[in-house]
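Dear colleague,

I am handing over the structure that we talked about, and my notes on what was found in it follow below. Please keep the structure open while you read them.

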Amino acid sequence: MPHTSEVMLHVNGTPRRLTLDNRTTVLDALREHLDLTGPKKGCDHGQCGACTVLVDGRRANSCLLLAVAQSGARITTVEGLSGAANAPAGGTDEPRRPHPLQQAFLDHDGFQCGYCTPGQICSAVGVIAEAAGGHPSHVTAADGPPPGEPVPLTPDEIRERMSGNICRCAAYPNILAAVQDVAGTTRRTSTTISTGTPGSKTWTGGTSKADVTS
């Protein structure tokens, strides 16, 4: 029985065909085979969130996903967030603008050592998309928005939804401020927040409808 398989992963908008050991996780495929070192290996048990990426537009712990089971999936890492949706109008020779959440983490100093930051940012992108899609969390009030309606991203909602992403430097207040900033900007100015994908728990650290593009 062969111990390897050919896998097609669409990573940050680029199709990548790999021959991988069947035991290879998405995290190891990204880091060891594609040199995308944004996703970090923290606990390797799906408990810290440092490896968070977006898979078909939804956040996931890449250390828990077998690459062979994700063949055909569209995967976005932190390196791919500042993609075409945020590119300047002047052409490809100009540097790409950071994703709004990347900029917000810089503006609010939402990190110290930075090890967890890529996972925090990818998770936050997923949080905004989930809330905009009307997905409730554990703290969403029973008398909250009707099913399918956007869930307001209050501080408690953000804390709960980000609870799977651990920051050992305890930058939680600034991470919260960064997510609130982008969520608030989305509501006030209809800023487009891209998940980078076409089509689309210990966190001590509002928004209305977000325009989340696929």
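Just after helix H3, Gly134 takes a positive phi of about 85°. This is a predicted model, in which local features need pLDDT of at least 70 and side-chain atom pairs count only at pLDDT 80 or more, while totals for chains, interfaces and linings use all residues. Residues are numbered from 1 along each chain as its sequence is written, and side-chain values use heavy atoms, with hydrogens and water left out.

Helix H3 itself covers residues 117–132, and its 16 residues reach 23 Å from the first C-alpha to the last, close to the 22 Å expected at 1.5 Å a residue (the expected span is 1.5 Å times one less than the number of residues). H3 is mostly covered, since 16 of its 16 residues are buried (buried means under 20% relative accessible area, exposed over 50%, and partly exposed in between, with a 1.4 Å probe and protein chains only).

In the protein as a whole there are five helices and seven strands, where helices (H or I, at least four residues) and strands (E, at least two) are DSSP runs numbered from the N terminus. Of its 214 residues, 48% count as buried.

One more residue to look at is Arg168, which lies in the loop between helix H4 (155–161) and helix H5 (172–189). Arg168 counts as exposed because its relative accessible area is 68%. The C-alpha atoms of Arg168 and Cys48 are separated by 9.6 Å, although these residues are 120 residues apart along the chain.

With best wishes
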